[in-house]
Amino acid sequence: MSWSRGSWRSKQLLHIPEYSDPVKLRGAEDRLKTYPPLVFAGEVRQLKTALARAADGQAFLLQGGDCAETFDDFHTHTIRDTFRVLLQMSLIFTFVGEKPVVKIGRVAGQFAKPRSAAVETVNGEEMVTYRGDMINSPTPTVADRTPDPERMIRAYFQSAATLNLLRAFAGGGYADLFRAGRWLLDFVGSSAVREKYENLAAGINKTLGVMRAYSQPDAPELIPAAHKVDYYSSHEALFLPYEEALARNDSLTGDPVATSAHYLWLGERTRGLDSPQVEFLRGVINPVGIKVGPTAEPSELERLMERINPENEKGRITLILRAGVDKAEKSYKRIMRELKNSGRNILWAVDPMHGNPKNDGSGVKTRMFSDILRESIIFIDTCRAEGVIPGGLHLEMTGKNVTECLGGSDRVEDLSYNYATQCDPRLNASQSLELAFAFSEHLVNTEPPPPPHPTSGRF
């Protein structure tokens with residue numbers, strides 16, 4: 001089948017709203033086509049190489065950020081603090097596991113959300129459901145909920161500004177390992193989590209100090225990797241008019257690239273073999289995540305991977321498992337057992353958030369930290385039992401001091417203190433660090449020993 005940037009339009013459209021003014025929509029798309037790319041082909045290839053190492057167990061994927069970005073919550077400290085927590089988490093994984101961490105933010109493009117119903121009734125008035133700030137407003141009026149193409153333009157410029165700031169943080173000194181002790185947010189309250197992180201940061205500073213002492217004190221470039229990090233962007237490939245408008249051809253190779261983000265993923269609702277989202281993603285070179293719920297059939301996933309990655313390129317496909325704590329073990333075992341011998345190159349990751357929704361009793365959506373941690377541990381244990389590599393963790397989290405998920409060492413019990421999400425509940429900084437310590441320690445403690453050396457005398 002031939003592919004073009006717009007070939008997705010021949011499919012039955014999923015999670016793409018109708019616009020009352022098609023001319024205005026086309027005008028916004030045409031403007032986006034003239035704007036500079038948000039990411040570049042070389043960065044995309046660099047990420048794919050790093051993900052290939054994670055698939056081989058030589059690195060680890062850490063992906064996290066907001067459930068949904070908003071126009072109102074667009075502040076330097078919001079971007080910085082979430083970036084800072086991901087830095088801390090990656091430091092924990094690197095220190096405990098002694099492997100590099102591939103850091104991907106759910107950032108600079110996560111403005112659209114799938115919804116199960118196209119319309120809803122609020123105060124007796126029917127209106128379009130909120131679909132993310134790229135499409136409409138959360139304000140419950142008919143006018144505010146009407147899809148507006150100009151929101152794509154605003155999403156583009158906010159994403160560009162966000163990436164500009166993140167590139168400065170990642171390469172301009174903020175991510176310097178010598179500053180690791182200063183990354184801890186003031187509100188991280190658990191004494192156990194705080195103490196573990198402070199001890200880790202102190203140990204790293206001591207090690208770097210020794211390395212510097214043995215080199216030239218005035219030549220910090222002898223440890224270049226300590227002063228900057230690679231940081232990538234991602235979002236769900238949902239709203240295809242925006243994705244198509246930002247698709248470009250690599251100036252060196254001519255390959256099609258989605259330049260809205262380095263990494264795009266398919267949701268549980270859009271990974272159907274004939275979906276327009278699959279049609280778009282099969283033609284671009286970006287790495288692709290596939291969310292996999294408990295009802296997924298391995299044979300269906302194998303056909304999907306064949307369609308998106310017919311050359312079986314390593315680093316191209318990440319399967320992100322998300323079943324819920326009660327279904328995880330059975331679901332993961334079935335999928336891993338049938339796919340591990342398929343010959344497909346797969347990076348295995350877990351999303352322990354989306355399968356574990358809870359209601360706090362008053363109608364407020366939440367998640368239990370204990371469920372999130374337990375599903376993460378089940379993922380590692382099942383990977384070990386089935387002989388595949390547990391290579392990644394995908395989270396909805398924030399650097400804000402929110403109270404959206406219950407539990408953890410800080411014993412979050414009152415959601416009303418700071419329940420700020422527009423969509424799904426997120427882990428706060430303290431809960432994120434606690435999970436990083438528990439996950440990485442279990443990952444290392446269950447790692448199979450290396451094969452004995454032929455001359456070791458163990459035969």
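Start at the second largest pocket, with a volume of about 630 Å³. A pocket here is an open set of points on a 1 Å grid over the protein atoms alone, where a 1.4 Å probe fits, with protein on both sides within 12 Å along at least five of seven lines. The volume is the space filled by probe spheres set on the points, which are joined across faces, edges and corners.

The model is predicted: local features need pLDDT of at least 70 and side-chain atom pairs count only at pLDDT 80 or more, while totals for chains, interfaces and linings use all residues. Residues are numbered from 1 along each chain as its sequence is written, and side-chain values use heavy atoms, with hydrogens and water left out.

**The pocket lining**

Select Pro 114, Arg 269, Lys 365, Cys 423 and Asp 424. Of the 28 lining residues (an atom within 4 Å of a point), these lie nearest the pocket centre. The lining divides into 14 charged, 8 nonpolar and 6 polar residues. Asp, Glu, Lys and Arg count as charged; Ala, Val, Leu, Ile, Met, Phe, Trp, Tyr, Cys and Pro as nonpolar; the others, Gly among them, as polar.

**Aromatic pairs**

Next, the rings. The whole structure holds 14 aromatic pairs. Rings of Phe, Tyr and Trp (its six-membered ring) pair if their centres lie within 6.5 Å; planes under 30 degrees apart are stacked, over 60 edge-to-face, the rest tilted.

Select Tyr 19 and Phe 239. Their ring centres are 6.3 Å apart and the planes stand at 45°, so this pair is tilted. Tyr 19 sits in the segment before α1 (22-34), and Phe 239 in the loop between β5 (231-236) and α7 (240-245), so the pair ties together parts 220 residues apart in sequence. Helices (H or I, at least four residues) and strands (E, at least two) are DSSP runs, numbered from the N terminus.

Now pick Tyr 332 and Phe 379. Their centres are 6.3 Å apart with planes at 90°, so the pair is edge-to-face. It links helix α10 (residues 328-339), which holds Tyr 332, to helix α11 (residues 369-386), which holds Phe 379, 47 residues apart. Tyr 332 is buried at 1%, and Phe 379 at 0%.

Then show Phe 83, Phe 169, Tyr 174 and Tyr 231, which form one aromatic cluster.

**The hairpin**

Finish at strands β3 (residues 119-122) and β4 (residues 125-128). They run antiparallel, joined by 4 bridges; strands pair if DSSP finds at least two. Glu 120 stands opposite Met 127 in β4. Select Asn 123: in this hairpin, with 2 residues between the strands, Asn 123 takes a positive phi near 55°.

Note on methods
Buried < 20%, exposed > 50% of the residue type's maximum accessible area, 1.4 Å probe, protein only.
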